[in-house]
Amino acid sequence: MTDKKTIALQACWTPPLNCGEPVGCLATSYTFTAEFFEQECLAEFLQMSTDPVEDGAFYLIEREERMAGLVGAAVMVDVSYCAGERSLRWDLIPARVDSGIFHPKVCLLVWDRCVRLILSSANLTSDGYRRNQEVVGVLDFTADCGLPVQAFDDAVQALERMLDYAQVGEGSIARKRWRAVIQEARKRRHFAESSVNADLWIAPLFVFPGDGRSLFHQLGQHLGDQSIDGAYVISPFFDQEEHIAGRTIRGLMELTMPGSKVTWQSTSEEDADAGDYVFAMPEATRTVPEESGYEVAFQHMPEAVEADKDVVVRPLHAKALWLQGPEVSSMLIGSSNFTHRGTGVTGYSNVEANLLYRFNSHVRGAHRTLCRSWLDGRPVGLSHVRFMPPKPEEDAEEERDEIMALPPGFVDASLSAFQGQWRLRLQLGAVLPENWCVQLMDVDKPVYTQKRWLRDGKPEEKLFDWGATRLPSQLLVSWHGEAAECRAYWPVTVESIGALPAPAELRTLNLDRLIEILSSGVSLKLALMRYFQRQNANAAVEAAMQPELDPHNRVDTREFLLNRTRRISRAFAGLRSRLEKPALTDEALDWRLHGPIGVTALAKAIQQHAQSQEEQAFLLAELILELTRVEYQEAEGCLDTAAVYGRIGEVVRSLRQYLDAIKGLPAELRQYCRAVLSEVREGVA
Amino acid sequence: MSLSRNLKQITPALSQYDPGTSAEGALDPLGLYPLADALATELCPGVRERQSRPGFLVPMVAGAYALRDIDLERVAPDGTSNALQVFEWVVVLSLIEAFERDQPENLDRLPGRYKVSEAIRAGTPLSHQNYLKTPSVFGFFGVYRLLARTLFLLDEEGRRPGENVLRMLKAWEADYPEIAGFSSEGGNDFSRALVQRVERGLTEGRVRPGWEYGSRAARVFNPSSLGPHTKRCVWELLTGTGDSLRGEYARLVVDYAESHAETDEVERLCHEALFNSGSEPLREHLTAIKRYERVCRLLTDAFDEIRFDARADRNIKASDLARGPCVAKAQKELPTLAAGLQDALSAVSQAHRAEKVFELMEPAADAGEWAAKLVQHHRDNQHRKPPNGKLPWIDRFDNGRLVTRPGYACDESVKAGRDYVHSYRFHPLKSFAMDLGRLS
């Protein structure tokens with residue numbers, strides 16, 4: 001293993017150097033742990049520097065600030081595993097595939113100057129990313145990357161198509177945000193290369209139910225008339241029924257020349273007494289190729305492997321296929337198990353995503369380089385190969401008979417802000433299970449029940465005033481199944497992310513604190529950390545009741561007029577600097593204008609905490625002046641200057657009205673305010 | 001760039017085994033950890049379970065001293081990394097460049113080792129982007145800062161030199177004549193080169209591999225090869241600073257470890273042995289730990305038994321759990337232990353942290369009722385966890401059924417045990433003693 005190319009999968013989410021700001025991300029998975037995704041993958045993508053356990057509120061603050069700048073972040077997960085408490089700033093979308101499961105593991109990460117495509121065998125869970133034996137392909141589309149535009153287009157188109165399987169309403173905001181990220185990716189399509197490199201070919205291959213294009217069919221198209229005389233298959237799962245397995249195997253054999261060699265690599269149980277290896281595979285893996293004159297070989301893939309000077313169990317979860325011919329070497333990696341649903345040979349398939357690498361043999365070092373990405377097995381002589389029934393495909397259903405897939409009648413659950421209050425909207429289909437009940441996690445009181453729904457006349461949509469109570473990220477749905485009570489989780493999306501309440505620590509910032517944060521020139525999280533550290537230190541000193549004897553230390557010079565003015569001036573400049581940066585979305589601009597350290601928060605703090613009416617008027621005038629001096633840096637794909645100035649203008653107008661209404665100001669100050677307002681640029685005010 | 005030139009980068013990769021790092025107490029389904037941690041902290045201030053190599057104190061002290069005139073409020077273009085963070089990159093990069101190939105044993109337990117190795121292999125500079133995700137917690141400054149503060153090697157904030165800094169630097173210089181003058185007012189060539197490299201890194205927001213002083217930095221900051229003077233100095237600080245129990249406890253733990261083999265129950269057995277030799281305050285503290293751990297063991301065994309019994313293929317209600325021996329034992333014994341625990345925790349001023357635990361020690365009508373209370377306690381505890389609350393490990397259905405969620409079920413039936421649930425710094429102290437030459 002020493003020569004193998006390996007990577008900690010979490011590092012796939014680390015931004016490349018000089019990629020600019022994060023724009024948005026999409027991901028798909030079969031099994032899923034929301035907590036892992038949020039705290040590991042998303043945090044890596046956003047370059048979070050705090051830890052949820054160690055840093056508490058600072059983690060929330062940093063997360064809010066970083067996520068406020070995104071166009072969208074979303075994960076689409078098979079409906080059986082679509083659950084988990086999460087931040088409402090990213091979407092969790094259930095996906096339902098009637099003929100199989102939603103099984104692709106694709107991630108699309110978009111930064112200003114890079115679009116990254118990750119296709120792998122790993123689910124977005126801790127085991128998938130940290131423990132299992134998996135394989136991953138990462139393509140960074142950056143200027144001059146040389147990667148083919150066709151690969152970019154195919155992947156993005158497939159991600160868009162996956163929305164067909166989303167169990168959310170047609171008009172759901174989650175769909176719009178998913179498409180918005182795709183649109184951002186497409187804006188960067190020019191990073192890819194339009195010319196074709198005949199020696200080196202990379203193509204994402206997707207399997208969708210019922211489209212008649214099995215994985216083998218697509219592979220055949222990419223291989224053209226190249227002959228293949230050897231195939232290696234790594235798969236932890238196989239078809240359980242022999243005749244179905246035969247169809248899948250024949251699909252592979254059609255790609256190869258008669259008499260070729262097929263090598264199966266999978267885990268097996270060692271029967272030490274007999275010296276045999278018992279593979280959880282159909283016997284067809286041996287009989288079908290042999291009957292057609294093919295050579296067959298088996299390799300045992302050990303799961304107890306050395307890591308960190310220790311032997312650890314790493315379940316095999318990688319899926320890969322190597323096709324070798326005299327002229328080409330091809331390697332396919334991704335989510336497809338070697339089953340009829342994984343490969344789509346019968347039409348009743350899963351949704352799958354794979355990545356093909358095809359190299360012409362004369363490309364120097366290609367074969368050796370590709371070998372470094374292949375998991376080696378231990379050859380087992382045919383006389384020592386035995387079989388046992390294959391495991392059910394990628395399926396832990398037997399462990400989770402009570403937590404079911406959300407029935408399709410539960411169409412959409414979303415929260416929206418309306419006149420300062422939150423409303424929960426449930427969209428329900430006509431076909432619903434018996435005795436259903438929707439409730440909050442850990443709260444016995446139901447939100448809605450079948451009984452009330454019937455009484456309401458079976459509405460397709462029901463609105464609930466939510467008030468100011470905690471906003472749920474998922475609901476619990478229960479109903480009576482055939483034999484027992486069943487339950488499922490129903491993820492909730494948020495229509496207006498910009499209206500989400502800020503963390504409590506950010507809601508009560510007074511003027512001094514805002515000034516300190518805005519004038520610090522560092523990130524919000526760091527500025528707050530410093531502030532609270534100082535507050536704690538001060539509290540400790542006060543608690544110790546040590547009288548200050550040095551007269552110089554007994555004066556808080558921060559409040560001296562000159563010092564205070566300087567600090568406020570720096571704060572205004574900090575605020576202006578935040579507004580001048582390109583904003584990708586309305587939400588991002590909202591955060592800067594109306595967020596917890598935005599313009600309106602500062603204006604409100606001035607109104608509430610200024611030391612006098614005169615100071616209040618003066619500071620508001622200065623704030624207006626600063627806003628009129630904003631020189632927005634328009635960038636490609638971001639909000640345009642007119643839109644930004646328009647929004648700033650709205651704020652300026654409201655501040656101006658407030659300033660005009662202040663009575664009893666000294667004549668000089670009133671004159672100064674008028675002079676300031678007269679300077680307000682036309683375009684802004 | 002052509003694809004052919006880019007071949008090595010674009011080909012697939014196999015996943016690494018990556019157990020990851022998690023903050024202490026990140027699990028803890030019953031919320032028992034905070035009190036255990038408070039008891040351990042009182043017993044051995046400054047030492048945390050994740051610490052194992054006291055040698056990291058050397059670069060921390062040297063860095064804080066060399067950079068004493070640099071504004072630590074100034075941050076790199078990434079908006080987060082200050083001079084001490086950049087200094088940490090410099091040290092880790094130097095260590096890995098020097099030892100990765102031929103002496104990897106010197107890199108044992110080096111925070112960030114794999115990420116930095118990856119960056120070196122990829123030929124990219126080290127920066128906030130490719131270093132540890134939360135360096136303030138998981139980098140060596142993050143892991144050992146509390147210890148450095150407690151030993152007065154760093155100041156209260158863990159950023160500037162503390163009152164013992166020169167004592168440590170003198171010892172270090174005595175071990176490495178090549179760095180003589182480091183602690184002098186003007187420093188020496190090495191300290192000045194360090195400052196320059198940090199200044200540059202701070203400006204650029206990254207540190208590039210390859211530095212003329214890199215091999216010297218690796219040699220003198222190597223946590224695996226502390227010199228005799230440094231070893232003595234650290235041990236003396238560890239066992240002599242302040243009036244805490246740490247010194248006595250550390251010496252007794254080392255004596256015990258010298259003559260006893262490591263077992264699963266080593267911490268409990270060690271504490272039992274220490275009852276015969278420890279001072280009165282130490283015995284008082286160990287009594288609190290012993291009683292608390294007895295309660296934790298009963299609660300944990302009962303909870304694990306519930307997780308096992310409530311596997312998805314079972315049809316279990318809380319009332320059925322009464323049949324479990326661990327549940328029955330906990331329900332019966334806990335009320336009898338309450339008064340003793342209250343006394344012992346009060347003696348060390350920690351009783352206020354055990355309110356929720358005492359609720360579980362109140363008499364219940366029967367074991368079924370108590371099991372339901374334990375499950376509810378777990379659910380409440382999960383609900384309180386940051387940042388969004390966590391899902392409970394056990395789902396409870398309206399008809400009273402309990403089902404352990406996949407991934408949280410115990411694979412084997414639980415046997416009531418006696419060993420501690422939590423750790424009380426035995427292993428870090430033993431590891432310190434080995435690195436400092438106090439234990440073979």
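This is a predicted model: local features need pLDDT of at least 70, side-chain atom pairs count only at pLDDT 80 or more; totals for chains, interfaces and linings use all residues.
A salt bridge is a side-chain nitrogen of Lys or Arg within 4 Å of a carboxyl oxygen of Asp or Glu.

Another salt bridge, at 3.0 Å from N to O, brings together Arg186(A) and Glu160(A). Here helix α6 of chain A supplies Arg186(A) and helix α5 supplies Glu160(A). Arg186(A) is partly exposed, with a relative accessible area of 36%, and Glu160(A) is also partly exposed, at 27%. Helix α5 takes part in a further link, because Arg161(A) lies in this helix while its partner Asp211(A) lies in the loop between β8 and α7, 50 residues apart in sequence.

Now to the place where the chains meet. Chain A brings 93 residues to the contact and chain B brings 62. About 6,400 Å² is buried between them, 49% of it from carbon and sulfur atoms. Two salt bridges are counted between chain A and chain B, including that of Lys115(B) with Glu44(A), at 3.4 Å from N to O. On the side of chain A that touches chain B, helix α1 gives the largest share, six residues. Strand β1 of chain A and strand β1 of chain B pair in the parallel sense over two bridges, and Ile7(A) has Ser15(B) as its bridge partner.

Methods. Residues are numbered from 1 along each chain as its sequence is written. Chains are lettered from A and ligands numbered from 1 in the order in which they are written. Side-chain values use heavy atoms; hydrogens and water are left out. Contact means heavy atoms within 4.5 Å. Buried area is the accessible area (1.4 Å probe) that two parts lose on being put together, summed over both. Helices (H or I, at least four residues) and strands (E, at least two) are DSSP runs, numbered from the N terminus. Two strands pair if DSSP finds at least two bridges between them. Buried means under 20% relative accessible area, exposed over 50%, partly exposed in between (1.4 Å probe, protein chains only).
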